[in-house]
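Work through the exercises below with the sequence and the model open. Try each task before reading its solution.

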Amino acid sequence: MSVVVSNQEVGPWRKELGIEVPLPAVEAETARVVAEYARKVRIPGFRKGKTPNDIVRSRFRAEIDQEVLERLVPRYWKQAEAEASLDSLTSPSVASVVHEDGKPLTFTVTVEVRPDIALDPDRSFDLPEVSVTVTPPEVEVALERLRRDLAPWKGVERSAGRGDQVKLRLSRSEVDATASAPVAATDGGQEVEIELGDPRVWEELALAVTGLGAGQDGRFERTADRVEADPPDPDAPPAVEAYRFTVLEVQEKDLAELDDEFAKNLGSFATLAELRSVVEARIARDKESARREQRREALLDQLVARYPLELPVGVVEQEVRSMMEDYAQGLQRRGVDLERAGLDWQAMAEQVRPQAQRRVHSRLVVEAIAEADQITLSEPEFEATLSVLAKAEGQTTAAVRQALDRAGRLTGLRRQMRRDKTIRHLVGEPMS
């Protein structure tokens with residue numbers, strides 16, 4: 001028996017289904033819920049579990065009706081979705097619920113569905129040919145970087161220059177209008193360490209310290225990153241901050257010789273040649289990964305340009321929310337207090353919207369190609385991925401599957417893996 005009583009388009013890639021749950025199904029589910037309530041509720045004058053069903057139904061009518069709706073609406077929505085052969089992209093929006101005694105339950109569902117994309121048979125793309133050849137100079141640069149990263153700092157009796165680490169005492173000062181007058185410190189200062197050439201260091205500070213040695217003083221001024229005002233005044237002029245400092249020590253890297261002994265100190269390398277071989281292999285892997293990423297991004301750009309679409313609005317909004325949630329979680333992992341950070345989430349959401357639109361657009365086209373070219377994901381392929389996830393999390397494959405299923409992410413993972421397989425096919429990579 002059909003449960004879909006109407007099926008109409010209500011916007012670009014939006015469908016509205018009218019759904020009717022047969023009266024016998026409504027009455028049967030209502031009876032089950034009433035019986036469950038009767039077994040667990042206590043009503044004065046009746047022993048627990050012995051209250052007549054009609055009294056239970058009367059006393060808890062609102063709660064029982066809500067429970068019936070929560071059970072039947074999702075169940076019959078899924079049946080209607082299958083009956084109408086919909087490929088839904090968003091969660092259903094339920095409205096116009098009519099639930100009356102002695103009548104079928106009716107409701108409408110609005111959902112965004114996968115658009116029809118008219119594909120041409122051409123699967124050729126202009127993909128960049130990126131060299132993955134590793135040159136000897138690249139290996140030497142990597143070894144030199146490794147040598148420098150592992151070298152300890154040592155004090156030197158000379159002026160500070162680029163690449164040096166400088167210990168200094170830094171203090172906030174009063175801004176002085178005259179260039180020659182002393183600048184009075186307004187606090188006791190604090191000891192800091194900076195590396196000259198580090199892009200994170202204030203440029204004004206780096207310039208003022210360069211050329212000075214231990215025991216020498218200096219000062220500088222800089223424009224504050226933001227105006228500290230309560231309430232903030234966007235029209236206020238940039239604030240100028242003044243600082244003074246004393247150089248305490250200049251340090252340089254104590255570089256080891258690049259030889260077999262250096263390689264041995266890194267671990268399991270017997271010779272410098274062995275270390276050089278490992279570094280070369282790592283650079284090759286990095287280059288191959290970069291090549292693969294560039295080719296895939298070029299492919300997606302060309303798919304978006306080749307197949308213009310009016311995107312499902314709800315899917316784009318869903319992608320924007322997902323990107324913002326990922327960003328917020330990243331900030332929290334770095335210890336940022338989101339409540340006190342004062343971030344303009346709405347402005348940030350608008351900034352990421354173009355990227356979200358591109359993601360949705362390319363995803364829809366890739367999935368259409370996967371369907372047209374009959375690219376499927378086998379169960380062994382899916383199980384292999386679950387096994388990798390399980391190993392990384394220290395769980396069984398079954399536990400990971402159940403967790404993904406409970407979170408509603410199992411189907412999404414399958415689709416993502418199918419898209420990845422399709423992209424590999426389109427750029428000419430092995431599909432397994």
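A residue is called buried under 20% relative accessible area, exposed over 50%, and partly exposed in between, with a 1.4 Å probe and protein chains only. The model is predicted: local features need pLDDT of at least 70, side-chain atom pairs count only at pLDDT 80 or more, and totals for chains, interfaces and linings use all residues. Residues are numbered from 1 along each chain as its sequence is written, and side-chain values use heavy atoms, with hydrogens and water left out.

**Exercise 1.** Classify serine 85 and glutamine 374 as buried or exposed, and state what the backbone does at each.

Solution. 
- Step 1: serine 85 has a relative accessibility of 65%, so serine 85 counts as exposed.
- Step 2: the phi of serine 85 is positive, about 55°, although the residue is not a glycine.
- Step 3: serine 85 sits in the loop between α3 and β3 (93–98). Helices (H or I, at least four residues) and strands (E, at least two) are DSSP runs, numbered from the N terminus.
- Step 4: glutamine 374 is exposed because its relative accessible area is 68%.
- Step 5: glutamine 374 also has a positive phi of about 55° without being a glycine, and its place is the loop between α9 (345–372) and α10.

**Exercise 2.** Give the strand order of the open sheet of 4 strands and say which strands stand at its edges.

Solution. 
- Step 1: the order is β1-β2-β4-β3, with antiparallel pairing. Two strands pair if DSSP finds at least two bridges between them.
- Step 2: β1 (4–11) and β3 each have a single partner strand, so they stand at the edges and one side of each lacks a neighbour in the sheet.
- Step 3: from one strand to the next the twist averages 20°. Axes are lines fitted to C-alpha atoms, for helices over the stretch in contact, and angles run from 0 to 180 degrees between N-to-C directions.
- Step 4: β2 (residues 14–21) and β4 run antiparallel and are joined by 8 bridges; within this pair, glutamate 20 stands opposite threonine 106.
- Step 5: β3 and β4 (residues 105–112) are joined by 4 bridges, also antiparallel, with serine 93 opposite threonine 110.
- Step 6: β3 and β4 form a hairpin with 6 residues between them, and glycine 102 in the turn has a positive phi of about 80°.
- Step 7: α3 lies across β1, β2, β3 and β4, at about 55° to β4. Contact means heavy atoms within 4.5 Å.

**Exercise 3.** Describe how α1 packs on α3.

Solution. 
- Step 1: the axes of α1 (residues 23–40) and α3 (residues 61–83) come within 9 Å and cross at roughly 135°.
- Step 2: α1 is therefore oblique to α3. Angles under 35 degrees count as roughly parallel, over 145 as roughly antiparallel, 65 to 115 as roughly perpendicular, and the rest as oblique.
- Step 3: the crossing of α1 and α3 is right-handed. A crossing is right-handed if the near helix is turned clockwise from the far one by less than a right angle, and left-handed if anticlockwise.
- Step 4: the contact residues include Val26, Val33 and Tyr37 of α1 and Ile64, Val68 and Leu72 of α3.
- Step 5: the residues of this contact divide into 9 nonpolar, 1 polar and 6 charged. Ala, Val, Leu, Ile, Met, Phe, Trp, Tyr, Cys and Pro count as nonpolar, Asp, Glu, Lys and Arg as charged, and the others, Gly among them, as polar.
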